[in-house]
Amino acid sequence: MKGASSGIGSETARVLALRGVHVIMGVRNLEAGRNVRETIVKENPSAKIDAMELDLSSMASVRKFASDYQSSGFPLNILVNNAGIMATPFGLSKDNIELQFATNHVGHFLLTNLLLENMKKTAAESKKEGRIVNVSSEAHRYTYPEGIRFDGINDESRYNKMQAYGQSKLSNILHANELTRRFKEEGLNLTANSLHPGIITTNLFRHFNYGNGIVNTVGKIMFKSVQQGAATTCYVALHPQVKGVSGEYFMNSNLHKATQHGQDMDLAKKLWEFTTNLLK
């Protein structure tokens, strides 16, 4: 469970723990993660919940988290790729990848790959379907016209912070779809889905200039509470109704249609190859 120290992430961790799941939170700020853990345990003393350090914008941090997780001996049945940054000014990650693409897609892609053997093994041994849940966004509709700007991921002169965010969220959907194709090919008891959590007034909005004014006024109509925002994630991660469902996009705990780009299997394959090469 990644990005669990605030907003939807911490609420998702709370609900999963309430359902008896042993939650390992991957958090950039360990102190914030420990605070979330304390709050959850106070409300639910039987909660099994731990925090481990993870900065998804840094591939070294992702590799370290995966290696620490493997050393811990924990099985892995549900992986929630939740962390994200939104509409940030142009910047490059430590690995020289545009920051939103690096944090919202490449970090999740790498971590999922590094934890996949554990998920396969857990599914086989527990005879229980393993689930990967990518928290995407309706913002995937507002990506660059070509969907993924393969030739200009790091091009500052063509950078648009909202379209770059949309591109990273489209990548979450395509990632889940290509995982699905691979799982089916291998006959694995694993699924991968993506979802829109609802527009949440959490600190994702840090980089929006209009202050909190508009968020609060419009809040009643289009913004959801954090609890509602986490509902779809928990539904896709846990609900028996979703058993066997894979490669789908959800909204409001229901199946929803992604854009044409979001359903393009060739684009999903191309993104997989492109990301794999970026990580070489």
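1. Let me start in the sheet: asparagine 134 has serine 194 as its bridge partner in E5. That pair belongs to the parallel pairing of E4 with E5, which runs over six bridges. Keep in mind throughout that this is a predicted model.

2. Zooming out, the sheet is open and has five strands, ordered E3-E4-E5-E8-E9, with mixed pairing. E9 and strand E3 (78-81) are the edge strands, each pairing on one side only. From one strand to the next, the twist averages 35 degrees.

3. What lies across E4, strand E5 (190-196) and E8? That would be helix H5 (residues 161-186), which runs at about 160 degrees to E5.

4. E3 and E4 run parallel and are joined by four bridges. Isoleucine 78 has arginine 131 as its bridge partner in E4, while leucine 79 stands opposite isoleucine 132 of E4. Ile78 and Val80 point one way from E3, Leu79 and Asn81 point the other way, and all are buried. E3 may be an edge strand, pairing on one side only, but these four residues are still buried on both faces.

5. Over in E8, have a look at tyrosine 249. With a relative accessibility of 3%, tyrosine 249 counts as buried because the cut-off is under 20%. Its side chain makes a polar contact, at 2.7 Å, with the side chain of glutamate 138. Tyrosine 249 also sits 9.7 Å from valine 135, C-alpha to C-alpha, although 114 residues separate the two in sequence.

6. On to the helices. Two packed helices are described by the angle between their axes and the distance between the axes. For helix H1 (residues 7-18) and helix H2 (residues 30-43), the axes come within 10 Å and cross at roughly 35 degrees. The crossing of H1 past H2 is right-handed. H1 brings Ser10, Ala13, Arg14 and Ala17 to the contact, and H2 brings Val36, Ile40 and Glu43. By type, the contact residues are four nonpolar, one polar and two charged.

7. Is aspartate 55 buried or exposed? It counts as buried, at 16% relative accessibility, because that is under the 20% cut-off. Aspartate 55 is in the loop between strand E2 (49-53) and helix H3 (59-72). Its side chain makes a polar contact with the side chain of serine 57, at 2.8 Å. Leaving aside residues up to four places away in sequence, aspartate 55 touches Arg28, Ser61, Val62 and Lys94.

8. Most residues other than glycine have a negative phi, and most peptide bonds are trans. Lysine 127, though not a glycine, has a positive phi near 55 degrees. Lysine 127 is in the loop between helix H4 (99-126) and strand E4 (130-135), and is exposed, with a relative accessible area of 69%. Serine 253 is the other case, again not a glycine, with a positive phi of about 55 degrees. Serine 253 is in the loop between strand E8 (249-251) and strand E9 (254-256), and is partly exposed at 22% relative accessible area.

9. Finally, the overall figures. The secondary structure comes to eight helices and nine strands. Of the 280 residues of the protein, 53% count as buried. Taking contacts between residues at least 6 apart in sequence, 75% join residues at least 24 apart.

Terms used: Residues numbered from 1 in each chain as written. Predicted model: local features only at pLDDT ≥ 70, side-chain atom pairs only at ≥ 80, totals over all residues. Heavy atoms only, no water. Axes fitted to C-alpha atoms, helices over the stretch in contact; angles between N-to-C directions. Helix = DSSP H or I, 4+ residues; strand = E, 2+ residues; numbered from the N terminus. Left-handed = near helix turned anticlockwise from the far one by under 90°. Contact = heavy atoms within 4.5 Å. Nonpolar A, V, L, I, M, F, W, Y, C, P; charged D, E, K, R; others polar. Buried < 20%, exposed > 50% of the residue type's maximum accessible area, 1.4 Å probe, protein only. Polar contact = N/O pair within 3.5 Å; in protein donor to acceptor, adjacent residues only side chain to side chain. Pairing = 2+ DSSP bridges.
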